[in-house]
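Here's a quick briefing to read alongside the model. Have the viewer open as you go.

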Amino acid sequence: MVEAFFEWFPTTWLGMFFGVEQTALFYFIAIVAMILVIVLPLLIAVAFTVYFDRKIWAAVQMRRGPNVVGPFGLLQSFADGIKLFLKETIIPSGANKVIFLLAPMITFTLALIAWAVIPFGEGMAVANLNVGVLYILAISSLGVYGIIMSGWASNSRYAFLGSLRSAAQMVSYEVSIGFVLVCVLMAVGSLNLSDIVVAQQGSILNWYIWPFLPIYVIFFISTLAETNRPPFDLPEAEAELVAGYQVEYSSMAFALFFLGEYANILLMSAVMAILFLGGWYAPLEALDFIPGWIWLLAKTAFGFWMISMVKAFVPRYRYDQLMRLGWKVFLPISLFLVIFYAGVMMYAGWLPK
């Protein structure tokens, strides 16, 4: 996508205005424009994701949900964003002000840059890295630093305890996610996300969700824990920690945490679609006339719908149950599945050449 964008950019009015002979400025403007093509739609998608999240909960509980601001309440998320932007940013007197303000920026930035390797179609990725899976794992692992920094810098016991909980929780479930991904990577023989999608081309029967259904279930549940979603939202449990690491935040600092959380949820939904649901490929070859990015968005929306439904009817776990599930259940099962699938692939001749 980067090479195609650089070929297209000089022919536009923006490229002609700046002049292609100014090489450094040309590449800078091109890269900024390309990033905005991803970031702006993502932020709008996050706003509507919050709206649909609330609508799903309302439907399950037989309520109306947001229905006042704009037609069908579609502008409710934008109204909430304006409200947060206009509020005063309150910094506790005992807080470390620099780290306190830096933490939500880190969380939000990491949530955005992880989308750089997501392929929306064939050749449609900002960076088509050969180690795209490792990039996703690395960025998701770094996300815990923003939470730890916010809890420590707030100088609050509630916030600090919430941040420690989040660190332990994310480390616990990243281990099982890593082992789960090994099974898919063995079948494909590549860490490139585009290669993983291409390996599933054809009909719905070629999708990896069928041979790797146990892997998909573990990955889905681990995603809930990784993104601090119910029933694993213990780092911000309002009943015991008064919102956890976010308790001292207000205004846009709080909004950045909120946006980062939902951007991560959408990211993990997109990763599930790429790894197990055929990515940008249609479920039937007769539907190939529909653009691939639409199929990827539809599958991402399906993944988010499942995550939202879990919040609607699953009660919250205790912290000891959360740790037991990660270390005593998912870790042994994921290790067994790696050995099992490796053996099956070897004797069935499924391993890539």
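Helix α11 is mostly covered, with 21 of its 26 residues buried (buried is under 20% relative accessible area, exposed over 50%, partly exposed in between; 1.4 Å probe, protein chains only). Bear in mind that this is a predicted model, where local features need pLDDT of at least 70, side-chain atom pairs count only at pLDDT 80 or more, and totals for chains, interfaces and linings use all residues. Numbering starts from 1 along each chain as its sequence is written, and side-chain values use heavy atoms, leaving out hydrogens and water.

**Helices** (DSSP runs of H or I, at least four residues, numbered from the N terminus)
- Just past α11, Gly-278 has a positive phi of about 80°.
- Ser-176 belongs to helix α7 (residues 157-188) and is buried at 0% relative accessible area.

**Aromatics** (Phe, Tyr and Trp rings, six-membered for Trp, pair with centres within 6.5 Å; planes under 30 degrees apart are stacked, over 60 edge-to-face, the rest tilted)
- The whole structure holds 18 aromatic pairs.
- One of them is stacked: Phe-100 and Tyr-249, at 4.1 Å centre to centre and 0° between the planes.
- That pair links distant parts of the chain, 149 residues apart.
- Phe-340 and Tyr-341 pair edge-to-face, at 5.4 Å and 75°.
- Phe-340 is partly exposed at 42%, whereas Tyr-341 is buried at 7%.

**Confidence** (pLDDT, the predictor's confidence in each residue, from 0 to 100)
- The average pLDDT is 82, and 87% of the residues score at least 70.

Definitions and conventions. Helix = DSSP H or I, 4+ residues; strand = E, 2+ residues; numbered from the N terminus.
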